[in-house]
Amino acid sequence: MSSPAAMTDVQLRISDDPAAEVGALLAASALAGETIVLTGGSAVGEAYEHAAELKDWSAASVWWGDERCVPATDELSNYALAKRTLLDRLDGQSDVHRIRGELAPAEAAAEYERELEGVELDLLLLGLGSDGHVASLFAGSPQLAERERLVTSGPAGLEPWVDRVTLTLPVLLAAPRTVFLVAGSDKAEAVARAFAGPITDEVPATLLRQGDGPIVAYLDRAAASLL
Ligand code: 6PG
């Protein structure tokens with residue numbers, strides 16, 4: 001599928017320390033009592049550490065855009081990453097809604113969908129795969145084609161090769177505000193395709209530009225080098 005023009009242009013913020021900027025943004029969102037969707041991957045842990053400078057996240061509601069199907073204590077778990085870098089560093093409780101990766105994938109997806117029903121998300125944080133995937137929506141997968149469900153599950157299209165549970169494209173598109181954090185030269189090609197290339201199913205991240213909400217991509221100079 002392709003579209004003649006992007007409906008939402010991606011605002012690019014290129015800096016030496018995008019993780020610090022995203023961390024500050026997450027903390028501001030938490031302070032404002034927003035419903036925040038976290039992600040996994042290599043870049044976001046540093047942002048979570050910055051976000052943990054705000055010690056009181058009690059007003060916020062924390063969700064995940066996707067999860068690897070592993071126990072919550074596994075080092076591959078997106079929840080474990082956020083727990084280690086953010087949640088464990090906070091004072092007091094916050095309202096945390098994790099995807100239970102220890103369940104069978106379809107069961108975890110169904111459970112998370114029930115929990116998500118009727119919830120309005122404020123801020124969607126995403127990484128970008130080197131293949132252009134976003135959340136756990138991989139090119140050519142049935143998960144990417146899902147339009148009815150809020151949450152779905154299936155095999156990974158890239159390492160780590162563990163099954164995934166993911167929000168579907170309609171849910172991602174409904175987010176009123178989307179923020180990408182992408183770092184490293186190995187992401188430069190994907191960044192150019194995702195944020196400046198044509199909208200196509202071959203690069204799932206481009207599909208986010210079909211939504212109405214603003215998208216801001218925080219990039220380091222290496223990730224932005226092919227723009
Ligand atoms: C995951 C993520 C995924 C991630 C990108 C970027 O569970 O893998 O949620 O969508 O954000 O793949 O991750 P890397 O920075 O590790 O490539």
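Here is a short chat about strands and salt bridges in this predicted model.

Colleague: Which strands are the edge strands of the open sheet?

Modeller: The open sheet has seven strands with parallel pairing, in the order 1-10-9-6-2-3-5. An edge strand pairs on one side only, and that picks out strand 1 (10–15) and strand 5 (95–96).

Colleague: What is the bridge partner of isoleucine 36 in strand 6?

Modeller: Strand 2 (residues 35–38) pairs with strand 6 (residues 123–126) in the parallel sense, over two bridges. On the strand 6 side, the partner of isoleucine 36 is leucine 123.

Colleague: How many residues apart are aspartate 16 and arginine 221?

Modeller: These two form a salt bridge, with their closest N and O atoms 2.8 Å apart. Aspartate 16 sits in the loop between strand 1 and helix 1 (18–31), while arginine 221 is in the segment after strand 10 (215–220). The pair therefore links distant parts of the chain, and the separation is 205 residues.

Colleague: Which residue does arginine 98 meet in a salt bridge?

Modeller: Arginine 98 is partly exposed, with a relative accessible area of 22%. Its side chain comes to 2.7 Å, N to O, from that of its partner, glutamate 102.

Terms used: Residues numbered from 1 in each chain as written. Predicted model: local features only at pLDDT ≥ 70, side-chain atom pairs only at ≥ 80, totals over all residues. Heavy atoms only, no water. Pairing = 2+ DSSP bridges. Helix = DSSP H or I, 4+ residues; strand = E, 2+ residues; numbered from the N terminus. Salt bridge = Lys/Arg side-chain N within 4 Å of Asp/Glu carboxyl O. Buried < 20%, exposed > 50% of the residue type's maximum accessible area, 1.4 Å probe, protein only.
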